[in-house]
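Please read it alongside the sequence and the coordinates.

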Amino acid sequence: LRLIEEDRPHLVILDLTLPGMSGLDVCRAIRRDPWMEKIPVLMLTGRDEDDDVVAGLEVGADDYMTKPFAVKVLSARVAALLRRERGSDSVRKDAPQKSDDAPLLEIRSLGRCELQFGKQVVSWSEAFSSSQRMLLATLLAAPNGRMSQEELQLGFWPDTVPSKARSNFDSLMTRMRRTLEQELAAIDVRRHLQVRRGIVSLENVRVDANEFRRLAGKGLQQAAQGELWPAELAFSAAFSLWQGSFLPGGFGSESAALLQDELEQLYLESSQQFARILANSGRHQEAIKLLRYTLRYNPTHDGIIRLLYQLLCHQGHPVQATQLLDQYAALLAREKFTAEEIRTILEEFP
């Protein structure tokens, strides 16, 4: 289920006898979730009783096969389900779209700056000039990866006459495309970096920052509605993408810098909610480890420190809890809080 959250597959072949939870429960979870609900599910299991077949179909399986089976028959049924899927309108609008069978351009921006096309990986800092990095950062921060050419030209060359700014923009796009073609063999650059009717856009791409924002936001919404198990799945998928802050925020683009702040705040908020879910399910050490790591991004975040302090006390670690408060007090003093203010803050801890 976590892997489906990260990268929606075309089809799922599912057994009934699984560790941790049954295949029926997995199928129910798929059908309850808008991101997964349209994925074809084929049950392939050793249970051949009529009641088992009926139960599998009732929870939402599209087909049911029993073992032993012929590979040709399985292949034919998979092909039939995929044809049915292609013939429907079931592909979600918020899923990464491909106009053909060419691979997506993967853009990694959390904790690292890389482009991946197929098996080829390129570092932004090594391949791109500063202006090219700023262009990509600006597009990543734009809604849906799209921005008007006029707005881009104004942002890059605010004091330049329009005709010269247009010439500069054309030159930058040419150099950007040439760099991509040189670094990523066999890529059709115009599939991914397009200019149409005055709109510059990233197309046929998968951006880790966008996926993190979608999944973390989904987890927070589900947690607020009391759907803790689905929220845990969403958070797990989101945090598997988080390798660090949105690095393009430091490339000179004001919008990218704002997105960096937004993503960090989302990470901090999600960390607290995820840690509560982990703790409520008895995984206290996982919650403590998560919160300690999160403090790297904001060592004086009051909510995270309070939650971590409570978990340490609950788990019988009074020395660690005291050390945490001492470190917090020292950091507050470094930020020019008065001794009276620090004492008042620490007295509020349970």
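A salt bridge is taken here as a side-chain nitrogen of Lys or Arg within 4 Å of a carboxyl oxygen of Asp or Glu. The model is predicted, so that local features need pLDDT of at least 70 and side-chain atom pairs count only at pLDDT 80 or more, whereas totals for chains, interfaces and linings use all residues. Residues are numbered from 1 along each chain as its sequence is written, and side-chain values use heavy atoms, with hydrogens and water left out.

**Salt bridges**

- The structure holds 16 salt bridges.
- Arginine 306 forms one of them with aspartate 302, the closest N and O atoms being 2.6 Å apart; because the two are four residues apart in helix H14 (residues 302-314), about one helical turn separates them.
- Helices (H or I, at least four residues) and strands (E, at least two) are DSSP runs, numbered from the N terminus.
- Aspartate 302 counts as partly exposed at 28% relative accessibility, where buried means under 20% relative accessible area, exposed over 50%, and partly exposed in between (1.4 Å probe, protein chains only).
- Glutamate 211 and arginine 214 form another salt bridge, with 3.6 Å between the closest N and O atoms, and both residues are buried.
- These two residues, glutamate 211 and arginine 214, lie three residues apart in helix H10 (residues 208-224), and are therefore separated by about one helical turn.
- Aspartate 62 forms a salt bridge with arginine 31, at 2.8 Å between the closest N and O atoms; this pair links distant parts of the chain, 31 residues apart, with aspartate 62 in the loop between helix H3 (50-58) and strand S3 (63-66) and arginine 31 in helix H2 (residues 23-32).
- Aspartate 62 is partly exposed, with a relative accessible area of 31%, and arginine 31 is also partly exposed, at 22%.

**Sheet**

- Three strands form an open sheet in the order S1-S2-S3, with parallel pairing, two strands being paired if DSSP finds at least two bridges between them.
- The edge strands, each pairing on one side only, are S1 (12-14) and S3.
- S1 is joined to strand S2 (residues 41-45) by three bridges, and leucine 14 has methionine 43 in S2 as its bridge partner.

**Helices beside the sheet**

- H2 lies across S1 and S2, running at about 180 degrees to S2; axes are lines fitted to C-alpha atoms, for helices over the stretch in contact (heavy atoms within 4.5 Å), and angles run from 0 to 180 degrees between N-to-C directions.
- H3 packs on the sheet, touching S2 and S3, and its direction makes about 150 degrees with that of S3.
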